[in-house]
Structure formats: structure tokens, C-alpha cells
Amino acid sequence: MANFYTEHPEIKFHLSHPLLKHIVELKERNYADADKYDYAPADFEEAMENYEKVLELAGDVSANVIAPNAESVDAEGPRCENGRMIYASKTYENLDATIKAGLNGVTMPRRYGGLNFPMAIYSAINEMIAAGDTGFENIWSLQDCIETLYEFGDEDQRKRFVPRVCQGETMSMDLTEPDAGSDLQSVMLKATYDEANKCWRLNGCKRFITNGDSDIHLVLARSVEGTRDGRGLSMFIYDKRDGGVDVRRIENKLGIHGSPTCELVYKNAKAELCGSEKLGLIKYVMGLMNGARLGIAGQSTGTSQMAYNEALAYAKDRKQFGKAIINFPAVYDMLSIMKAKLDAGRSLYYATSRFVDVYKTLEDIERERKEKGEKLTAEERTECKTFSKLADAFTPIAKGMTSEYANQNAYDGIQVHGGSGFMLEYACQRLYRDARILTIYEGTTQLQTVAAGRYITNGFYGQIIDGFLAQGEAGYALANATAFVRSPLPSEGTGEAWCSADLLPQKERIAKMAEKYNAAVAYVNEQKNDELKDLCIRHLYEMAGDIIMAILLLGDASKDADLFAKSAKVYTRYAAAEIEKHYDFVMSCTEADLEDYRK
């Protein structure tokens with residue numbers, strides 16, 4: 001029987017990273033739950049066994065329920081009836097299967113009914129769900145909204161809402177409006193306090209809301225009358241059980257047909273404030289969006305995997321001129337680059353997940369200690385700050401680069417199929433349609449370059465690249481995880497020896513790419529022209545992403561040559577060509593050239 005976990009050993013490889021032991025010890029508070037819950041692990045080995053069982057279940061559900069249902073869901077899609085959204089019939093089967101497999105509340109604490117798994121494990125499940133159906137991943141992964149409610153809501157809200165999500169209830173984040181897409185400061189959905197009933201009331205319209213008729217909504221609304229910027233916005237929790245929100249229409253989309261994208265009308269809907277007033281956009285949505293962007297990186301990785309699988313299978317089966325087309329250089333060149341992009345993007349995705357794991361868990365520990373009048377140690381605060389910055393820097397690259405690669409792989413997947421790829425009976429056309437949204441929602445690639453911009457111009461990515469080249473990513477991460485000073489772990493494959501001898505030529509080539517990247521950044525900074533910087537920033541962003549992924553993949557290949565050596569070599573060649581292209585653009589761009597681009 002098919003299984004998306006056991007069939008893809010690359011996923012398991014990324015869960016053997018040496019930083020994971022530290023993450024698990026933080027997440028488990030040194031296994032304090034072992035005496036309270038019979039399913040809580042007593043040590044790291046038992047935790048890994050638990051993860052393995054759930055990952056195999058997820059791989060089974062994804063391969064044998066979600067994936068076989070994908071074509072039917074794509075054809076049927078959801079519909080709107082009497083102000084309510086009705087999923088495609090097979091979507092209900094998918095939801096039932098994931099609930100029965102216990103794939104809800106994955107990262108939530110056990111005291112609320114969650115599994116208390118690290119983000120890295122959730123990320124693996126997310127990737128597999130997306131491989132089954134990109135559209136269904138949207139519905140399933142929105143459970144991640146509960147992270148924001150857990151982090152910023154009060155204890156009463158956690159007790160009422162978190163267990164419901166752990167039991168399988170769905171969520172949505174209601175942010176965008178007809179006149180407020182990427183510019184969320186323009187949100188005008190009105191929130192007024194109802195003194196008589198001691199609750200907030202929401203009135204207005206939301207548009208492009210994924211899974212918009214969910215059970216529990218996080219809603220961005222304007223609570224300060226007379227304001228028109230982000231300082232007047234707050235975050236609210238709307239419970240569908242209370243009524244007051246109708247689905248006006250479901251958008252007719254190019255792809256991800258199984259994921260309902262709704263226009264919602266709020267009519268005096270009862271809601272409650274999440275966190276503090278006026279911090280909705282400034283603090284809470286930023287956290288919500290970063291989580292969503294990491295989720296899109298997983299969705300993109302799963303989509304890339306399936307695009308590659310479909311292309312590879314077709315190339316092996318399709319014969320022309322007396323032999324399978326996979327034997328033609330023009331075809332195996334495309335397939336090898338597809339696989340290299342998939343492996344490189346996946347490495348970036350899991351590295352980002354681990355960085356998020358460390359700082360999010362330390363922040364959670366800090367909240368727990370604060371309730372007891374205690375604090376993080378100075379060492380822990382430094383670690384939290386370091387990994388928070390790493391996660392913030394890596395998230396926009398992970399979201400942007402993996403989603404671009406998913407689109408490229410889906411495009412090339414159709415090309416490998418030739419004329420058959422243009423026919424609707426082949427899955428590659430659905431993957432192509434589904435992939436297109438990945439570079440757009442939760443912040444376009446252009447917005448990801450803006451988010452990454454300060455880390456480009458202030459030299460932070462350059463510092464990361466230097467650190468990775470010197471120590472390897474694992475060595476760099478371990479050196480910044482201060483707990484390892486007290487409890488060192490084996491550091492095989494880290495430090496100075498992180499790159500195997502037979503891959504040193506690739507490492508040297510990457511070092512030369514890094515020199516060109518640093519020179520290009522220095523050139524742009526020297527121009528002291530914001531418009532020129534904005535014109536060049538996408539090129540610098542991609543250079544940073546290409547180099548970081550090349551290093552990550554080289555480290556993977558040094559640990560497991562059978563899985564990654566070919567991809568590492570192919571990707572290094574590919575990245576080197578990309579660096580040359582971007583370097584030439586940036587270094588030849590002057591203030592006088594700006595007029596050529598203005599319209």
C-alpha cells in the first residue's frame with residue numbers, strides 16, 4: 001500500500017537533524033508530561049517513536065484517501081447554499097480520515113487535547129497532506145491559526161477553543177477585504193463594543209477568505225473609530241455557533257478547487273477580543289502571517305514533490321523513437337533540475353521549521369515562567385532572540401523560493417508530458433493550476449522580497465552564509481543553541497568537517513557565489529538610491545536564497561550521498577548560473593537606468 005512518508009525517505013532524513021533533540025527537550029519540558037499522560041514520551045527515543053507512528057499514519061491517509069479523492073474534489077468543488085458553504089463530498093471523507101488519524105492539534109499542549117509535537121513534525125505532515133491535494137492542505141493546515149490564539153489569547157479562551165480544534169473543528173483567518181488585500185492597514189470591518197451584552201459586534205465584509213465558513217475565525221477588524229491605519233486594528237475571535245456571518249459567494253478559481261475561498265458578510269456578529277486592543281495588525285497578524293507563510297512553503301514542497309512524481313513516472317513509461325523518453329538528455333535534464341529544486345526547497349523548509357521551533361518554544365516557556373514570577377535565563381533569552389531573528393529572516397525566503405519552485409516544477413511537469421500534459425485527464429494539469437496561487441497568497445513573492453530586504457541590506461544573510469560555509473547549517477545552529485553548552489550532543493557532520501571531501505569542489509564554487517552576492521549587496525548599498533535598491537532587491541533576494549539552499553543541500557549530501565549527492569551537484573550548477581544572471585543585472589544597474597523601467 002502506498003505511503004507518502006515511507007516512500008519519501010528525504011522527509012525522515014530531515015527529522016534526524018541534531019538540533020531536533022534540543023527542540024524535543026524544550027517542547028517536552030524535559031519530559032515532564034510522562035507521568036501525567038500515557039501517550040507522553042519519557043525520553044527522546046520514545047518521542048521519536050511516537051512521531052514515526054503518526055507520520056506513517058499521515059503518509060497512509062495522504063496517499064490512500066486524500067490523493068485518490070483529489071480529482072473528484074477538483075471537479076466538484078464546494079458550493080454555497082442559503083448563506084452556508086458546503087464542501088465537495090470527498091472533502092468530508094478527507095476531514096474524517098485526518099480526524100480519525102489524530103492529525104489535529106498537532107503542536108498544541110496535551111492539557112488541551114493536543115499532541116505537543118514540534119513544528120518540524122507538523123511541517124512533515126503538512127508537506128504530505130499537500131502532496132495528496134494542494135487544495136485540501138489549505139483546509140487542514142488552517143488549524144495552525146490556533147497557534148496565534150494560544151499565544152495571544154487568555155487562558156479561558158485557550159480552554160474553550162484549543163480543544164475544539166484538537167478534536168477536528170476548522171479555522172480561518174479573516175483578514176482581506178475588497179479594498180484591503182496586501183495593504184491590511186486599510187481594513188475597515190467595524191468592531192464596536194456592546195455594553196449591554198458585554199461583547200464585541202462585527203459589521204462589514206471580508207473577501208478572499210480561505211475556508212471562510214469555518215468553525216472558529218480569527219478576524220482583523222477596526223476597533224478604534226476614526227482611525228485609518230494599523231494602529232486602530234484589533235484581532236477578534238468569532239465562533240460560528242453564535243451566528244451573524246453569512247457566505248455571500250464562493251470564488252470561482254483557476255485552481256485549488258477543493259479549498260473554498262469565500263466572501264463573508266458580518267451582520268452584528270458577536271465576537272471577543274483576542275489579546276490587547278490595537279495590536280491586531282502590529283503584532284498578532286504578523287505572527288499569524290509568518291505561520292501561514294511557513295505553511296505555504298510546506299504546501300509548495302508537497303506540490304513540487306507530486307509534480308516531480310508525475311513527470312518521472314510519465315517519462316519512464318512514455319516511449320518515443322524506440323526508447324523511454326527519460327533516456328533523452330533534454331528530458332532527464334528537466335527532471336534532474338526539478339528534483340534538485342525540490343530537494344533544495346525542502347532543506348530550506350525544514351531548516352526554517354527548526355528555527356521557528358526553538359524560539360516559539362522558548363517564548364512559551366517564558367509565558368509559563370512569568371505566571372510563576374520567574375524568567376528565562378540570560379542564556380535562554382539570547383538563544384530565543386537569535387532563533388527568532390533566524391526564523392524571521394528565513395521565512396520570507398522559504399515561502400518565496402519554494403512557491404516559485406513549485407510553479408516551475410509544475411510547468412516543467414507538463415512539458416515532460418508533452419501534448420498529453422495539456423489534456424485534463426492527467427494530474428499534471430491540476431498541479432499546474434493549483435501551484436499558481438502559491439506565489440500570490442499569504443504575501444506575493446514581491447512582498448517576500450520586501451520582508452527580506454532589511455536582512456539583505458544590513459548584511460545578515462551574508463553573515464548567515466559565511467557561518468554556514470564555515471560550520472555547516474547544523475554546526476551553526478548548534479553553536480547558537482546555548483543549551484548544548486551544558487549538554488553537548490554528537491556533532492557528526494557539523495563544524496569544519498560538515499562538507500564531505502568529494503563535495504569540496506561544490507563548496508568552493510558556492511563560496512565564489514557568496515563573494516559575488518556580497519559584492520552585489522555592497523554595490524547597491526553604495527548607490528544610496530532607494531528606487532534602485534527596490535529594483536535590484538528581487539535579484540539579491542534570489543541570490544541569497546540560491547546560495548543558502550545550495551549550502552543546505554550540500555550539507556544533506558555530505559550526510560547521505562545516496563539521497564542527495566546528485567541533486568547537490570545539479571543544484572550547485574543551476575544556482576551558479578542564476579547567480580551570474582542576477583550579478584550581471586545588479587552590477588550593471590545605475591540610477592540613469594531607472595527611467596527605462598518606469599511606466
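How many aromatic pairs does a search of the whole structure find? The search finds 23, where rings of Phe, Tyr and Trp (its six-membered ring) pair if their centres lie within 6.5 Å. Before we start: this is a predicted model, in which local features need pLDDT of at least 70, side-chain atom pairs count only at pLDDT 80 or more, and totals for chains, interfaces and linings use all residues. Residues are numbered from 1 along each chain as its sequence is written, and side-chain values use heavy atoms, leaving out hydrogens and water.

**First stop.** Select Tyr122 and Trp140. Their ring centres are 5.2 Å apart with the planes at 15°, so this pair is stacked (planes under 30 degrees apart count as stacked, over 60 as edge-to-face and the rest as tilted). Tyr122 belongs to helix H5 (residues 119-132) and Trp140 to helix H6 (residues 134-141), so the pair ties together parts 18 residues apart in sequence. Helices here are DSSP runs (H or I, at least four residues), numbered from the N terminus. Both Tyr122 and Trp140 are buried, meaning under 20% relative accessible area with a 1.4 Å probe, protein chains only.

**Second stop.** Now select Phe355 and Phe387, a tilted pair with 5.9 Å centre to centre and 55° between the planes. Phe355 sits in helix H10 (residues 329-371) and Phe387 in helix H11 (residues 378-417), so parts 32 residues apart in sequence are tied together. Phe355 and Phe387 are buried.

Definitions and conventions
Helix = DSSP H or I, 4+ residues; strand = E, 2+ residues; numbered from the N terminus. Buried < 20%, exposed > 50% of the residue type's maximum accessible area, 1.4 Å probe, protein only.
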